[in-house]
Amino acid sequence: MLEQLGLEPLRVDLLPLILLNHDHMQAYSLMDISLDTFPYAGTTTTCESLYMGVPCVTMAGSVHAHNVGVSLLHNVGLGRLIAKTEEEYIRLALQLASDVSTLSELRMTLRELMVKSLVCDGAKFARGLESAFRNMWQRYCRGDVPSLKHLDSLQLQQPNPERISVMFSDVAKNAAMEELQNPPVNMNGVNVVSLATSNVSNFADLNPPADLGKKS
């Protein structure tokens, strides 16, 4: 599989499951760059990578699951490693891989950058969350409830039953008219409907071929 992609298997190291957290974190010393996944980005692994001094290259997307790495890198000060396209993603990874001095500097300073960033500022995050809850409660007390507004808008979009018209195809119209002209006859408790033959030139057309079922 790797050879089909132009990659020599000898250049790839596959590690087994590492049970102990200490040993797991030490495994980051074996790598120089972390390549974020997409369209579902990493979260814990990206934080671990940055904390261990391994820069991460990520790609922005259109949904939250695609943009976790974008948020983390922005807050750590590595917005330059955020790509907008797959082509840019590859280019950024190649540029970083060839810049040994930058990799060496990040290895020594990235943990401190992360610890001092908003990513690790739990107190500020808690204050922001409290403020968001307080604003939501104040809006609710003022009657500004987005969920109720959404429900109201959905109710306004409901169709008026009095204005609903049932559209029949030509076949359905013909069938309905023929049923009105030839109502079913009850025979021994069974409703027998007359067969409409307006679209059949000959009853023989409805019969199976004479040789159907015969052995050859």
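## Strand 2 and the basis of the model

In strand 2 (56-59), Cys56 and Thr58 point one way while Val57 and Met59 point the other way, and all are buried. Buried here means under 20% relative accessible area, exposed over 50%, and partly exposed in between, computed with a 1.4 Å probe on protein chains only. Helices (H or I, at least four residues) and strands (E, at least two) are DSSP runs, numbered from the N terminus.

The model is predicted: local features need pLDDT of at least 70, side-chain atom pairs count only at pLDDT 80 or more, and totals for chains, interfaces and linings use all residues. Residues are numbered from 1 along each chain as its sequence is written, and side-chain values use heavy atoms, with hydrogens and water left out.

## Overall organisation

The secondary structure of the chain comes to eight helices and five strands. Read along the sequence, these follow the pattern α-β-α-β-α-β-α-α-α-α-α-β-β. The chain has 216 residues, of which 19% count as buried.

Contact means heavy atoms within 4.5 Å. Among the contacts in the chain with a separation of 6 or more, 53% are between residues 24 or more positions apart.

Three strands form an open sheet in the order 1-2-3, with parallel pairing. Strand 1 (34-35) and strand 3 are the edge strands; each has a single partner strand, so one side of each is left without a neighbour in the sheet. Two strands pair if DSSP finds at least two bridges between them.

Strand 1 and strand 2 run parallel and are joined by two bridges. Ser34 has Cys56 as its bridge partner in strand 2, and Leu35 has Val57. Helix 3 lies across strand 2 and strand 3 and runs at about 130° to strand 2. For such angles, axes are lines fitted to C-alpha atoms, for helices over the stretch in contact, and the angles run from 0 to 180 degrees between N-to-C directions.

## The largest nonpolar core

A nonpolar core is a set of buried Ala, Val, Leu, Ile, Met, Phe, Trp, Tyr and Cys residues joined through side-chain atoms within 4.5 Å. The largest has 19 residues, and those that touch the most other members are Leu50, Val57, Leu73, Val76, Leu78 and Leu96. Two or more residues come from each of strand 2, helix 3, strand 3 (82-83), helix 4 (86-97) and helix 5 (100-115). Helix 5 gives the most to this core, with four residues.

Leaving aside neighbours within four places in sequence, Val76 is in contact with Leu50, Leu110, Leu113, Met114, Ser117 and Val119. Ser117 is placed in the loop between helix 5 and helix 6 and counts as buried, at 8% relative accessibility. With the neighbours within four places again set aside, Ser117 is in contact with Asn75 and Val76.

## The surroundings of His66

His66 is found in the loop between strand 2 and helix 3 (68-76). The residue is buried, with a relative accessible area of 11%. A polar atom of the His66 side chain lies 3.4 Å from the backbone oxygen of Met59.

Apart from its neighbours within four places in sequence, His66 is in contact with Phe38, Pro39, Ala41, Met59, Ala60 and Gly61. Pro39 belongs to the loop between strand 1 and helix 2, and the peptide bond from Phe38 to Pro39 is cis, with omega near 10°.

## Aromatic pairs

Rings of Phe, Tyr and Trp (its six-membered ring) pair if their centres lie within 6.5 Å; planes under 30 degrees apart count as stacked, over 60 as edge-to-face and the rest as tilted. The count by this rule is two aromatic pairs. The rings of Phe38 and Tyr89 have centres 5.2 Å apart and planes at 75°, so the pair is edge-to-face. Phe38 lies in the loop between strand 1 and helix 2 (44-51) and Tyr89 in helix 4, so the pair ties together parts that are 51 residues apart in sequence. Phe38 is partly exposed, with a relative accessible area of 32%, whereas Tyr89 is buried, at 10%.

The rings of Trp137 and Tyr140 have centres 5.7 Å apart and planes at 20°, so this pair is stacked. Trp137 and Tyr140 are three residues apart in helix 6 (residues 122-141), and are therefore separated by about one helical turn. Trp137 counts as exposed, at 56% relative accessibility.

How values were computed
Polar contact = N/O pair within 3.5 Å; in protein donor to acceptor, adjacent residues only side chain to side chain.
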